[in-house]
Amino acid sequence: MNTWVVLPAILILCAAVAIGVGAAAFLAFRRPWRVRCPRDGVEAQVQVDAVDAAKSELTGRRRLSVVRCSHRDPLTGCDEACLELPAETRHVVRVDDPPLRTVGIPAVLVPLDGTRGSEAALPAARQLARIHGARVRLLRVLPPPTTVRDLDEHVVAYSDQEAARDEYAARWYLRGLRSRLPDVPVDQVVRFGETPAEILSEAQAPDVAWITMATRPARGLGRWLRRSVTRTVERGAWVPVMSTPYGESSRP
C-alpha cells in the first residue's frame, strides 16, 4: 500500500476526530447552566468559557472556567466549585426555568421587525409573563440613520432628524401592540444598530429573564439568512430563548 496515500488519510481522519471532539465540547458548554452553588446553596446561572473547554478537550486535559455567574458578580473569591458537580445536578437553561433574582419585576424581551409575522411571538410572551408575574418588553431594532442628500448633494435631512422620525414611528407601532397584551405590564424600547447585537445588548438588562421571538421557516437561502438572527441570539443569549413559528399571529 502506498505510504503517501495512507499517511494523508490517517492525518485527515485524526483531524476530523479532533474537530468533532472540540466541536462537541464547545456545543456542550456554549449555553449557560443552571446549578446550585455548592458553597451556599443558592441557585445560580453560570457561563463556562466554551472555547477554552474545547481547546482543553483536544489536549486531553479538561480545564473549565466560569466567565459569568448570576450569583457571584464579580467572580472575586469564587473557587468555581460548581464545575466539579456531577453532570446530573446541572442543566442547560430552559424557558420553563423560574427566573433567578432580577432587579425589579422580571421581563420577557420580545424583538419585533415591524411585520405581522414577528408578532406571532406575542401570545407566548403574554403566557410566560402571566405565569411568572413578569412584564413584556417590546423591542424594535432599526438600522442606523444616514444623512439624506438629493442629486445636487444638498442635504435633505440630517441623520438625527431621520432618527427622530424613525423612532417616533417605531414607538407608535409598539404602542399599538399594547392592546394585544391587556393583562400584563408592557415596556417598549427602540434601538438603532445591528439587529442581533442590539437584541443581545438589551437582553443584558438586569431584569430580562427570557427572550421570545418568531423564527422564519427554513426554506430557501434568503429565509435561511433571515433565520440567522434567531440563531445568533440563541447562541449568544445569557437567558433562555423561546422560538415560535413566524407567520400570521392570531389576535385575541
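Colleague: How many salt bridges does the count come to?

Modeller: Ground rules before the number: this is a predicted model, where local features need pLDDT of at least 70, side-chain atom pairs count only at pLDDT 80 or more, and totals for chains, interfaces and linings use all residues. Residues are numbered from 1 along each chain as its sequence is written, and side-chain values use heavy atoms, with hydrogens and water left out. A salt bridge here is a side-chain nitrogen of Lys or Arg within 4 Å of a carboxyl oxygen of Asp or Glu. By that rule the count is 14.

Colleague: And what is the mean pLDDT of the chain?

Modeller: pLDDT is the predictor's confidence in each residue, from 0 to 100. Elements are DSSP runs numbered from the N terminus, with helices being H or I of at least four residues and strands E of at least two. For the chain, 82% of residues reach 70 or more, and the mean is 81.

Colleague: Which residue forms a salt bridge with Glu119?

Modeller: Glu119 sits in the loop between strand 5 and helix 3, and its partner in the loop between helix 4 and strand 9, so the pair ties together parts that are 61 residues apart in sequence. Both residues are buried, meaning under 20% relative accessible area, while exposed means over 50% and partly exposed is in between (1.4 Å probe, protein chains only). The closest N and O atoms are 3.1 Å apart, and the partner is Arg180.

Colleague: Arg130 and Asp183 also meet in a salt bridge; is Arg130 buried or exposed?

Modeller: The N to O distance for that pair is 3.3 Å. Arg130 belongs to helix 3 and Asp183 to the loop between helix 4 and strand 9, 53 residues apart. Asp183 is partly exposed at 38% relative accessible area. Arg130 has 53%, which makes it exposed.

Colleague: Which residue forms a salt bridge with Asp187?

Modeller: Asp187 lies in strand 9 and its partner in strand 6, so the pair connects parts 50 residues apart in sequence. Both are buried. They also belong to a salt-bridge network whose members include Arg135, Arg191, Glu198, Glu202 and Asp207. With the closest N and O atoms 3.1 Å apart, the partner is Arg137.

Colleague: Staying with Glu202, which side chain does a polar contact of 2.9 Å join it to?

Modeller: Glu202 lies in helix 5 (residues 195–202) and counts as buried at 9% relative accessibility. Leaving aside neighbours within four places in sequence, Glu202 is in contact (heavy atoms within 4.5 Å) with residues including Leu109, Leu139, Val189 and Val208. A polar contact is a pair of N or O atoms within 3.5 Å; within protein, one must be able to donate a hydrogen and the other to accept it, and residues adjacent in sequence count only if both atoms are side-chain atoms. The 2.9 Å one goes to Arg191.

Colleague: Which residue caps the N-terminal end of helix 2?

Modeller: Helix 2 covers residues 50–59, and its buried residues include Ala50, Asp52 and Ala53. Just after the helix, Gly60 takes a positive phi of about 80°. At the N-terminal end, a side-chain oxygen lies 3.2 Å from the backbone nitrogen of Val51, and the capping residue is Asp49.

Colleague: Last one: how many disulfides does a search of the whole structure find?

Modeller: The cut-off is a pair of cysteine sulfur atoms within 2.5 Å. Cys69 is buried at 10% relative accessible area, and the nearest cysteine sulfur to it, that of Cys78, is 6.1 Å away. For Cys78, the nearest is that of Cys82, at 6.0 Å. The search finds 0.
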